[in-house]
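Hi everyone, thanks for coming. Today I'd like to walk you through some aromatic rings and their surroundings.

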Amino acid sequence: YTVNRIALTGFDVAISPSLLYISALGGKSQFNIFDQEGRLKMYDRQLYGAKVGLGSKKGTHLHFIAIKANDDQGNLMNQDSIITEPQSNLILGLDFKLSMFRKKFQLSAEAVGSAYNTSDLAPGIDESEIYPTETPDFVRDLFAPNFSTHIGIAYKADMNARLFSNQSNIQAKYEYIGPGYQSMAAPILLNDRLFYDLRWGQYLFSRKLKFSVFHKQEQDNLVPWKAYRTMANSSGLSLSFYSNKGFMLQLNYAPYFQSNDINDIADSSKISNANHMFNLTSSYNYKIGDLSANSQLSFMQISGEMIPNGNSIPYSSTRSTNILYNQPLSLSQSVNLNFNTSFVMYKNSIEQPSISLNNSPDSTVNLLMLNLGGSFVLFDTWYNSISLQYANEDNLDNKLGFYYDSKIPVYKNTQFTISARQNQYKDPIDITKSYSSLYINFGLNFSY
């Protein structure tokens, strides 16, 4: 929440003598930029920060944070007009972490408050209305609030617990970023956001079976100042089985729901999105004599629908089914083959409010893809690979591709390489779109 993805020209140092931890950073995060008419549109920005506390950064600790940033107004007096106003920012907070039982239980938290002036040229505020009379002068000098000041807070907490000899794993995460929170040291941080994520994983039968569930939710418009609030949540489960004999089975189901609650405003409506993802994957490693093989079969289905609350937006739904089979074969240390095929069925449906269900515009696409490849080595040093690809979409068009690559040693640390690629595309409806291309590349590679 404090420093995140900025380019700082300056210094960043940290020392940790015994239990004490001290770190400091400072420098410029941006520089003066003038437009074509010589007007200042970006200021030199000075940024300084410190973190002081007890405990190492990676272990149990309690650190206090302070960051101050402001735009240099030195060049402002030479400007005839102002197109961008200087800004300033003060952040105070703390960073906490608790690590126990040989890191089997870890709890971390961060809480910060921000005072952000969107314009240092705005009229000032009577400091007696903000600071108590006994406030020291050095505290008053840290930040000068005015009528453009935004005040906000942000905090987060993470918990990770590994129980019962690491057979169970519980994770929890909570984040709150207030709508008024801004940081010059984290300009890409999204504010006005509440998020939490809960996960539990359990191993069974000597870690051969793993079962896990999760739930996460996110929403914005924490203070009702927007016209709508967007909410999203997802709950899912995963089941994995691993056999000592090379068999693996994995199942995943993860639905996702999103909706916006809109206030009573003219020309507005409520929309809900519902998506479901189901995936089943299996693989088996085996040997037939000296031949090593691995068979993989995967089935994945993704469906989604957009459900409007009124008649101004049409209802729509999509469904995609993907079946994938992959078969690599290792005939020897120098010869390998691989066969891959996938079949995709995609359907999209839109129901206009004024159109009956039978006349709703639907579209269905079936796509078949095949890939056959292999690699082999001749004379212990001559490497070759070859591949053939084919794709067909509802017999409307098809693509055929061929690829060959070869590397031949010709001298010490020198290789002659050649690759060839042939692509063909046929469209039986519009033959002007059909094409055939051949690409050949060769050269010498030197290594030293």
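Let's begin with a term: a residue is buried under 20% relative accessible area, exposed over 50%, and partly exposed in between, using a 1.4 Å probe and protein chains only. Please keep in mind that this is a predicted model, where local features need pLDDT of at least 70, side-chain atom pairs count only at pLDDT 80 or more, and totals for chains, interfaces and linings use all residues. Residues are numbered from 1 along each chain as its sequence is written, and side-chain values use heavy atoms, leaving out hydrogens and water.

With that term, phenylalanine 416 is partly exposed because its relative accessibility is 28%, while phenylalanine 442, at 59%, is exposed.

Now, the rings. Rings of Phe, Tyr and Trp (its six-membered ring) pair if their centres lie within 6.5 Å; planes under 30 degrees apart are stacked, over 60 edge-to-face, and the rest tilted. How many aromatic pairs does a search of the whole structure find? The search finds eight.

In one of them, tryptophan 200 and phenylalanine 211 have ring centres 6.1 Å apart and planes at 75°, so this pair is edge-to-face. Tryptophan 200 is partly exposed at 35%, and phenylalanine 211 is partly exposed at 29%. Back to phenylalanine 416 and phenylalanine 442: their centres are 6.5 Å apart with planes at 40°, so that pair is tilted.

There is a cluster too: ring pairs link Tyr155, Tyr174 and Tyr176. That's my tour, thank you!
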